[in-house]
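Hi everyone, thanks for making the time. I'd like to walk you through one structure, so let me put it up on the screen.

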Amino acid sequence: MPSTPVGKQLDWLLGIGPRLPLSTKEISAHFDAALLAQVSPAALNQALESLGPPGSATILLGLSKVETSSLVALVQIGASRYSVQLGVDGAGLIAGLFFKPAASSVPHSWSEVDKQVTTIASRSELLGRQSGFRRDLQPVHSVSAGTAALGSMFKLFILGAIANAVHDHRISWSQKVTITAAVKVGGSGTLQNSPDGTELAVEQVAIKMISVSDNTAADMLLKLVGGSPSRIRCEPGPLTPRSTSRSSR
């Protein structure tokens, strides 16, 4: 471990897994004020806890791009590997922290998929079917699959509703929507860490919803097209795009 300010913070990060969630006092002792103004201690704890099963140790596998105030580390948490970009300010406090799934965590067989699925939570289900638009698609693989939950596939239905609204000229991709405290939700994504009042184009929010499964983005778009998570009911079926005489963006 480098005997530098950033090395000391990495050493601290490697030991926090079994102690999550961290107290606000401990977080304030390791993260600078500017970062905590963007990300609350509760959101930070939630993000750290989402990286692996509860109580998982963080194992350092390697270091690269090591500088006095920044470095990149390869770590393993549970069955997943992450590339961690870590930077500190002049006082040695964490000013930047980014976890990115490492390529080696991508499964290449059903057995590897099964292993990762079973470490997600105490109860996990997986159902894989043939791809296509028919209703009678056959299962190809499953893990404890009874009635598979829709999960984040729900966001595809929201995207479809947005695309239809754009086609019907009820909204536009460039139309601005505002992030507020009321619409922010935890879980996957990053928009919940944006300041209240931030304005984004519908297209930007849709990209966030699909690229990183952003939950706040999904709720923003759902509200825009007139729905709410408590009232929307989705039933399995093919997603058949509308035939159009012109493209809409």
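Let me begin with a term: a salt bridge here is a side-chain nitrogen of Lys or Arg within 4 Å of a carboxyl oxygen of Asp or Glu. By that rule the count comes to three salt bridges.

Before we visit them, a word on what you are looking at. This is a predicted model, so local features need pLDDT of at least 70 and side-chain atom pairs count only at pLDDT 80 or more, while totals for chains, interfaces and linings use all residues. Residues are numbered from 1 along each chain as its sequence is written, and side-chain values use heavy atoms, with hydrogens and water left out.

Now, the overall picture. The protein chain has eight helices and eight strands; these are DSSP runs numbered from the N terminus, with helices being H or I of at least four residues and strands being E of at least two. I'll call a residue buried under 20% relative accessible area, exposed over 50%, and partly exposed in between, using a 1.4 Å probe and protein chains only. Of the 249 residues in the protein chain, 31% are buried. And when I say contact, I mean heavy atoms within 4.5 Å. Among contacts between residues at least 6 apart in sequence, 47% join residues at least 24 apart.

Glu26 pairs with Arg19, and their closest N and O atoms are 2.9 Å apart. Arg19 is partly exposed, at 40% relative accessibility. In another, Arg170 meets Asp168 with the closest N and O atoms 3.8 Å apart. Arg170 is exposed, with a relative accessible area of 53%, whereas Asp168 is partly exposed at 32%. Then there is Asp196 with Lys184, at 2.7 Å, N to O. Both Asp196 and Lys184 lie in the loop between β7 and β8, so this pair ties together parts that are 12 residues apart in sequence. Asp196 is partly exposed at 49%, and Lys184 is partly exposed at 24%.

Let's go inside. Which residues touch the most other members of the largest core? In that core of 25 residues, they are Trp12, Phe31, Val75 and Leu86. The elements giving two or more residues to this core are α1 (5-14), α3 (33-38), α4 (41-49), β2 (70-77) and β3 (80-88). Helix α1 gives the most, with five residues. A second, separate core has 21 residues, including Ile162, Ile171, Ala206 and Met220.

Leaving aside residues up to four places away in sequence, Phe31 touches Trp12, Leu36, Leu44, Leu93, Ile94 and Leu97.

That brings me to aromatic pairs. Rings of Phe, Tyr and Trp (its six-membered ring) pair if their centres lie within 6.5 Å; planes under 30 degrees apart count as stacked, over 60 as edge-to-face and the rest as tilted. The whole structure has two such pairs. In one, the rings of Trp12 and Phe31 have centres 5.9 Å apart and planes at 75 degrees, so the pair is edge-to-face. Trp12 is in helix α1 and Phe31 is in the loop between α2 (24-30) and α3, so the pair ties together parts 19 residues apart in sequence. Both Trp12 and Phe31 are buried. Tyr82 and Phe99 are also edge-to-face, at 6.0 Å centre to centre and 85 degrees between the planes. That pair links strand β3, where Tyr82 sits, to Phe99 in strand β4 (residues 94-101), 17 residues apart. Tyr82 is buried at 10% relative accessibility, while Phe99 is partly exposed at 21%.

My last stop is helix α7 (residues 202-211), where Val202, Val205, Ala206 and Met209 are buried. Why do they share a side of α7? They cover an arc of only 100 degrees around the axis, which puts them on the same side; the arc is that of the directions from the helix axis to the C-beta atoms. The buried residues of α7 pack against α6 (154-167), β7 (176-178), β8 (199-201) and α8 (215-224). After α7 comes Ser213, whose phi is positive, near 55 degrees.

How values were computed. Core = buried A, V, L, I, M, F, W, Y, C linked by side-chain atoms within 4.5 Å.
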